[in-house]
Amino acid sequence: MSEYFRVRPSQVQFLKTVPFYHQSKDGEFILYKKSGESLGMDRKLQNRYPQLFINKQDKKQALEELTRGLNLEFARQVAEGGLVQIKTALGNIVREALTPGQATAMLALPETIDILLKNVDRDHTIMAFLSKISSVSDIVVEHTVNVTALTLQYCFSMGISEKETTTLALCALLHDVGASTLDKRILETKRRLSDKQFKKYRAHPETGHDLILLKTDFNIAVANVALEHHERLDKSGYPNGTGISCHESQLIGFIDCFEALTYREKAFRKAKKPFDTLNLIKGEVMAGKFAPRIFKEFTSCLI
Ligand SMILES: [Fe+2]
Ligand SMILES: [Fe+2]
């Protein structure tokens, strides 16, 4: 396994203390920037630096520095930025948290939620707009940010306590963490999945559940939601078809479904207007898949 990890352009500005390396033509890794040395703003601004790498031994320090930097940037954008900047900054945090092998980034999510709850006033219209604008290119990241914004919109409009809001936001941020290990072709296809691909896709709730239990000590609801967000009350869902054990799973499962139908467009199904989605989900409520109470509460918070 390689001893070096690629640094994404969006990560460069946050990694101030770790050394950077670049690769020579014959594949040798050469020191590009010493520990603690600045990269130089002119090079950064003009995007003139080559593909940069960090050494495996610096990964832990780099991740701590990165997640701290991303949260600081997010706080700055929440305090002064426009909605696009806030969504982009939140998307950058979610992208790191959903990257396999980056538990440090997952563990920094409560701080992200804290920044949101302390700085965004509880006027839910901000969250409503945040879920509608598109500033993130990665489908799972965009979906996760939208589900989180809609969840917070619901929490603010229902007057839910800060403690429960924090748990629900964490549930939303990590509900699809298991999908981060899937092949991009499965996640981003506009065609129907083959049976083999679908089988892999249907395993993401269990993968996410195990990852959260193994790597974090978050409220047990966070792992439960990762496992149960595709389960349905009438036991028609997956991965186990055994129904839903907690309130958080019902809510995030409902919002997950609403977001996917409203904002995702696939070749075999056009994205819908929120009202049309609610009409479609109403049928699912009547069929016993979702709780009527959640449907009513969520509909009222969208108005
Ligand atoms: Fe999912
Ligand atoms: Fe999802």
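Is Lys235 buried, exposed or partly exposed? I looked this up in a predicted model, in which local features need pLDDT of at least 70, side-chain atom pairs count only at pLDDT 80 or more, and totals for chains, interfaces and linings use all residues. Residues are numbered from 1 along each chain as its sequence is written, and chains are lettered from A and ligands numbered from 1 in the order in which they are written.

Entry on Lys235. I found Lys235 partly exposed, with 13 other C-beta atoms within 10 Å (buried means 20 or more such atoms, exposed 12 or fewer, partly exposed in between, with C-beta atoms placed from the backbone). Lys235 is not a glycine, yet its phi is positive, at about 65°. I placed Lys235 in the loop between H13 and H14 (helices are DSSP runs of H or I, at least four residues, numbered from the N terminus).

Entry on Pro239. The loop between helix H13 (220-228) and helix H14 (247-263) also holds Pro239. I noted a cis peptide bond from Tyr238 to Pro239, with omega near 15°. Most peptide bonds are trans, and most residues other than glycine have a negative phi.

Entry on H15 and H16. I read that the axes of H15 (residues 274-286) and H16 (residues 292-302) come within 10 Å and cross at roughly 170° (axes are lines fitted to C-alpha atoms over the stretch in contact, and angles run from 0 to 180 degrees between N-to-C directions). The two helices H15 and H16 are therefore roughly antiparallel (an angle over 145 degrees).

Definitions and conventions: Parallel < 35°, antiparallel > 145°, perpendicular 65-115°, else oblique.
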